[in-house]
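Please keep the structure in view while reading.

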Amino acid sequence: MLKKVALLVVGGVFASSAFAQAELFKPEDLVKYRQSIYQVMSAQAKVMGAMAKGETEFNAKEFHERSLNMANVAKLLGETYDPSTQGVKDSNMLPAAWDDLEGMGNKGKAFGAALQELVAVSGEPGFDKKAALPAVSKMLKTCKACHDDYRAD
């Protein structure tokens, strides 16, 4: 089961779809969709981060659930990165993202791999707070790497 989720994450993040998403969604709606996915992922990451840093009580089952939630929504991201969204006013993407699709894709794959690892390790028996911090930190570093190069704000 975890391998299936992980493969979907790695394969789905920033992957192009067979359908042109612009035919299904207006570009402005795709941007809102993408931002909504990131809001859900951010909420999950904040819970995991707070647990890993000791800001809230650590609960291994809840931590794992948050990682699964993140993996489930991450696989939806690929279809939101349609070229029709380039230049949409409310998008936070820098032009560099569109100029370096290969680099952005590689960062997406790194995120998917780190998230896959987080899902796997957090589902292991004996997973504890000590193991949580390096696992979630590794995943969050991949988020930051993409934000640093391709996100305005």
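Leaving out residues up to four places away in sequence, Gln 44 touches Arg 66, Asn 69 and Met 70. The model is a predicted one. Gln 44 lies in helix 3 and is buried, because its relative accessible area is 10% and buried means under 20%. Along the chain, Gln 44 and Met 70 are 26 residues apart, and their C-alpha atoms are separated by 6.3 Å.

## The chain as a whole

The protein chain has seven helices and zero strands. Read from the N terminus on, its elements run α-α-α-α-α-α-α.

Of the 153 residues in the protein chain, 39% are buried. Among the contacts in the chain with a separation of 6 or more, 82% are accounted for by residues 24 or more positions apart.

## Helix 3 against helix 4

What is the arrangement of helix 3 relative to helix 4? The two axes come within 9 Å and cross at roughly 160°. That makes helix 3 roughly antiparallel to helix 4, since angles over 145 degrees count that way. The crossing of helix 3 past helix 4 is left-handed.

From helix 3, the contact is made by Ile 37, Val 40, Met 41, Gln 44, Ala 45, Val 47, Met 48 and Met 51. From helix 4, Glu 62, Phe 63, Arg 66, Ser 67, Asn 69, Met 70, Val 73 and Ala 74 take part. The residues of the contact of helix 3 with helix 4 comprise 11 nonpolar, three polar and two charged.

## Helix 3 against helix 7

Helix 3 covers residues 27–52, and helix 7 covers residues 129–150. Their axes come within 8 Å and cross at roughly 140°. That makes helix 3 oblique to helix 7. The crossing of helix 3 and helix 7 is left-handed.

In this contact, Ala 45, Met 48, Met 51 and Ala 52 of helix 3 meet Lys 129, Ala 132, Leu 133, Val 136, Met 139 and Leu 140 of helix 7. By type, the residues of the contact of helix 3 with helix 7 are nine nonpolar, no polar and one charged.

## Helix 4 against helix 6

The axes of helix 4 and helix 6 come within 9 Å and cross at roughly 150°. Helix 4 and helix 6 are therefore roughly antiparallel to each other. Helix 4 passes helix 6 in a crossing that is left-handed. On the helix 4 side, the contact is made by Ala 60, Phe 63, His 64, Ser 67, Leu 68, Met 70, Ala 71 and Ala 74. On the helix 6 side are Phe 111, Leu 115, Leu 118, Val 119 and Ser 122. The residues of the contact of helix 4 with helix 6 divide into 10 nonpolar, three polar and no charged.

Helix 6 has 22 residues, running over 101–122. At 1.5 Å a residue they should span 32 Å, and the end C-alpha atoms are 31 Å apart, which agrees. The buried residues of helix 6 include Gly 103, Gly 105, Gly 108 and Gly 112. Phe 111, Leu 115, Leu 118, Val 119 and Ser 122 are also among the buried residues of helix 6.

Ala 135 is found in helix 7. With a relative accessible area of 11%, Ala 135 is buried. Leaving aside neighbours within four places in sequence, Ala 135 is in contact with Leu 118 and Val 121. Ala 135 and Ser 122 are 13 residues apart in sequence and 8.3 Å apart in space, C-alpha to C-alpha.

Gly 54 has its place in the loop between helix 3 and helix 4. At 40% relative accessibility, Gly 54 counts as partly exposed.

Thr 85 is in the loop between helix 4 and helix 5. Is Thr 85 buried or exposed? Its relative accessible area is 1%, so Thr 85 is buried. Not counting residues up to four places away in sequence, Thr 85 touches Pro 27, Leu 30, Val 31, Arg 34, Thr 80, Ser 91 and Trp 98.

Notes. Residues numbered from 1 in each chain as written. Predicted model: local features only at pLDDT ≥ 70, side-chain atom pairs only at ≥ 80, totals over all residues. Heavy atoms only, no water. Axes fitted to C-alpha atoms, helices over the stretch in contact; angles between N-to-C directions. Helix = DSSP H or I, 4+ residues; strand = E, 2+ residues; numbered from the N terminus. Parallel < 35°, antiparallel > 145°, perpendicular 65-115°, else oblique. Left-handed = near helix turned anticlockwise from the far one by under 90°. Contact = heavy atoms within 4.5 Å. Nonpolar A, V, L, I, M, F, W, Y, C, P; charged D, E, K, R; others polar. Buried < 20%, exposed > 50% of the residue type's maximum accessible area, 1.4 Å probe, protein only. Expected span 1.5 Å × (residues − 1).
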